[in-house]
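Dear colleague,

Please find below the structure that I am handing over to you. My findings follow directly after it.

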Amino acid sequence: MAETVEVLVPGGKATAGPPLGPALGPLGINVKAVVDEINKKTAEFNGMQVPVTVTVDDKKNFTIEVGIPPTTALVMKEAGIAKGSAEPGAQVAGNLPLEAAVRIARMKFDGMLSYDLKSAVKEVLGTCVSVGVTIEGGRKPPRDDPAINDGGEYDGVLVA
């Protein structure tokens, strides 16, 4: 019977301490080998929390699956900010080019509830609102910008 451990770890900087060590220790595998493998696979997500699933089989062999970081972490990385706005409706924490929002939507598309790219980008824009990030240097929050939402100005970028 295979055991599965799901954790959020800092990209490229996982340690044998919590949450990994206590979860993997009772399974009888080499925790350092697992941590080294996770760090190698998550190095490109440096500075972000990354979901990782470790599956250990009966023979003590392990497999590691790395997920995609949360949309908030991707938005903050693309906008170049360390944390979101304390007052998202009143303070702007950063700005994101629409192309970056499209890139994030494509990365996260399989895990989203959207059926097309335009709807997926709107989901990412909703996250931008929550973090206090504007799109294309706009003074309005993304949800209030008709050019992005339904004006058709960006439809060429938003078609899959």
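Predicted model: local features only at pLDDT ≥ 70, side-chain atom pairs only at ≥ 80, totals over all residues.

Pro 19 is located in the loop that joins β1 (3-10) to α1 (20-24); helices (H or I, at least four residues) and strands (E, at least two) are DSSP runs, numbered from the N terminus. The peptide bond that leads from Pro 18 to Pro 19 is cis, its omega being near 5 degrees.

Residues are numbered from 1 along each chain as its sequence is written, and side-chain values use heavy atoms, with hydrogens and water left out.

Overall architecture

The protein chain contains seven helices and five strands, in the order β-α-α-β-β-α-β-α-α-β-α-α from the N terminus on. Of its 160 residues, 40% count as buried; buried means under 20% relative accessible area, exposed over 50%, and partly exposed in between (1.4 Å probe, protein chains only). The protein chain exposes about 8,900 Å², of which carbon and sulfur atoms supply 53%; these areas come from the Shrake-Rupley method with a 1.4 Å probe, and for residues only the protein chains shown count as cover. Among contacts (heavy atoms within 4.5 Å) between residues at least 6 apart in sequence, 56% join residues at least 24 apart.

In α3, the buried residues are Thr 71, Ala 73, Leu 74, Val 75, Met 76 and Ala 79. Their cover includes β4 (94-96), α4, α5 and β5 (133-135). Just after α3, Gly 80 has a positive phi of about 75 degrees.

Helix α3 (residues 71-79) packs against helix α4 (residues 98-108) at an angle of about 150 degrees, with the axes 10 Å apart. Axes are lines fitted to C-alpha atoms, for helices over the stretch in contact, and angles run from 0 to 180 degrees between N-to-C directions. The angle therefore makes α3 roughly antiparallel to α4; angles under 35 degrees count as roughly parallel, over 145 as roughly antiparallel, 65 to 115 as roughly perpendicular and the rest as oblique. On the α3 side, this contact is made by Thr 71, Leu 74, Val 75 and Glu 78, and on the α4 side by Ala 100, Arg 103, Ile 104, Met 107 and Lys 108. By class, five of these residues are nonpolar, one is polar and three are charged; Ala, Val, Leu, Ile, Met, Phe, Trp, Tyr, Cys and Pro count as nonpolar, Asp, Glu, Lys and Arg as charged, and the others, Gly among them, as polar.

The axes of α3 and helix α5 (residues 117-131) come within 10 Å and cross at roughly 75 degrees, so α3 is roughly perpendicular to α5. Thr 71, Thr 72, Val 75 and Met 76 of α3 meet Val 124, Thr 127, Cys 128 and Val 131 of α5. This contact of α3 with α5 comprises five nonpolar, three polar and no charged residues. Thr 127, which belongs to helix α5, counts as buried at 18% relative accessibility. Leaving aside residues up to four places away in sequence, Thr 127 touches Thr 71, Thr 72 and Val 75.

A further backbone feature

Lys 60 lies in the loop between β2 (49-56) and β3 (62-66). Although Lys 60 is not a glycine, its phi is positive, at about 70 degrees. Lys 60 is partly exposed, with a relative accessible area of 45%.

Yours sincerely
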